[in-house]
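Q: I would like a close look at a single part of this model. Please keep it brisk and tie that part to what surrounds it.

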Amino acid sequence: MKNRKILFHINSLGKGGAERVLTVLARYFAQDGYEVGIATLWRAENEYEVPPGVKRVNLGDEKASGGRLALAVRRFTGLRELIKKENPDIVISFCMKANFRSVFSMLGMRIPLLVSVRSDPQIDYAPHKLLTKWMERKAAGCVFQTKDAQAFFGERLRKKSRIIWNPIDEKYLPENRESVYSQEKDGENAKGVPAGGSAGRQEKDGGAEDICIITVGRITFEKNQLMLLKAFDRIKDKFPSARVRVYGEGIGGDAWKEMDAYIRQKEIAHRVEFMGPSSSLEKEIGSAALFVLPSNYEGMSNALMEAMVMGLPVIATDCPCGGCATLIEDGVSGFLVPTGDDEALAEAMERVLSDKTLAGKLAENAGRLAEKVKPLKIYEEWRSYAEELAGD
């Protein structure tokens with residue numbers, strides 16, 4: 001039923017995976033005739049844009065004074081007052097803290113709450129058993145990304161839940177990416193790398209092949225980009241023209257400092273580039289020879305999905321809570337390696353970089369993921385479930 005009112009809640013619209021999914025869904029709901037609002041707590045330095053026709057209400061600032069308890073009370077109170085004022089047909093919250101906050105802010109209300117679990121519940125929810133039990137009781141429904149995440153929770157929540165994958169950003173889809181590349185002068189992107197090449201090798205002036213290995217994600221210990229550097233160090237002499245590019249925020253942080261120390265120790269600074277965040281990855285990484293996701297844990301990685309949809313050979317860790325294994329058929333559409341095992345990663349990287357035929361087959365099969373994660377398809381799954389929970 002159209003013309004319903006939906007209120008999303010998340011901490012901020014900072015450029016993370018959950019935030020991207022939420023803004024995509026908000027845009028589709030608004031385009032479909034729903035009245036859509038997004039309640040956040042603070043404004044991140046680098047945010048996704050609020051979709052046209054969507055109202056955003058910022059309830060406060062994470063750094064507000066008064067101590068943690070006073071701040072928490074203000075946030076609960078602010079969200080509760082907003083929900084009462086807006087009186088939406090359904091509230092949809094994303095991520096652990098927002099889920100817990102929504103549950104307690106909506107005490108005594110008859111408005112259904114749809115929570116969404118976006119990461120490994122062993123990390124996010126296991127330390128908060130009482131809060132998690134309360135959420136399982138009070139939430140009208142829950143969206144999971146993987147069966148492993150769903151299995152962590154009690155039967156009460158599992159029975160009323162759905163597994164829905166992430167939607168891909170339209171710009172990564174083949175039909176849209178082609179039009180983007182066609183605008184690039186002489187088929188090259190801003191960095192001079194041939195756009196859309198599946199082989200991932202750029203001819204240098206002397207005829208040598210320049211091989212680019214890409215990873216995308218916040219530079220944090222959980223993303224474990226250091227594992228990629230260790231694997232690269234194992235094979236670098238076999239591929240003298242290979243280099244690693246790391247895209248994502250976090251340069252200067254603790255994880256980056258550890259990586260920087262390793263790079264200096266191994267004397268590979270000339271072969272590793274930290275690119276920072278980018279809003280045009282569909283133009284910048286299309287000619288990569290390989291995409292690697294070395295995370296210790298993931299929900300369902302948008303970066304991995306984007307690389308696969310673009311038709312890149314991919315390698316990822318078989319990490320909790322099963323998102324990578326859900327997306328990749330090992331040996332068919334990519335390779336899965338054990339979490340934290342840089343030797344296994346190095347072996348998989350060498351296989352792909354040494355065999356163009358294998359790399360091409362992996363890339364072709366990876367690209368077929370596009371049909372499963374088109375945003376309209378994923379939106380329809382969310383819309384159907386939200387309508388079911390909202391009732392008449």
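Which side chain does the side chain of Arg101 join through a polar contact?

A: The partner is Asn11: a polar contact of 3.0 Å joins the two side chains. A polar contact here is a pair of N or O atoms within 3.5 Å; within protein, one must be able to donate a hydrogen and the other to accept it, and residues adjacent in sequence count only if both atoms are side-chain atoms.

A word on the source. This is a predicted model, in which local features need pLDDT of at least 70, side-chain atom pairs count only at pLDDT 80 or more, and totals for chains, interfaces and linings use all residues. Residues are numbered from 1 along each chain as its sequence is written, and side-chain values use heavy atoms, with hydrogens and water left out.

Arg101 sits in helix H3, residues 96–105. Helices (H or I, at least four residues) and strands (E, at least two) are DSSP runs, numbered from the N terminus. Arg101 counts as buried because its relative accessibility is 8%. Buried means under 20% relative accessible area, exposed over 50%, partly exposed in between (1.4 Å probe, protein chains only).

Leaving aside neighbours within four places in sequence, Arg101 is in contact with His9, Asn11, Leu41, Arg75, Phe76 and Leu79. Contact means heavy atoms within 4.5 Å.

Now the sheet. Strand E1 covers residues 5–9 and pairs in the parallel sense with strand E2, residues 35–40, over 5 bridges. Two strands pair if DSSP finds at least two bridges between them. Ile6 has Val36 in E2 as its bridge partner. The open sheet has 7 strands, ordered E3-E2-E1-E4-E5-E6-E7, with parallel pairing. Strands E3 (54–58) and E7 (161–163) stand at the edges with a single partner strand each, so one side of each has no neighbour in the sheet.

Helix H1 (residues 17–31) lies across E1, E2, E3 and strand E4 (90–94). H1 runs at about 170° to E1. Axes are lines fitted to C-alpha atoms, for helices over the stretch in contact, and angles run from 0 to 180 degrees between N-to-C directions.

Last, the core. The largest nonpolar core has 62 residues, and Phe8, Phe29 and Phe94 are among those with the most contacts inside it. H1 gives the most to this core, with 9 residues. A nonpolar core is a set of buried Ala, Val, Leu, Ile, Met, Phe, Trp, Tyr and Cys residues joined through side-chain atoms within 4.5 Å.
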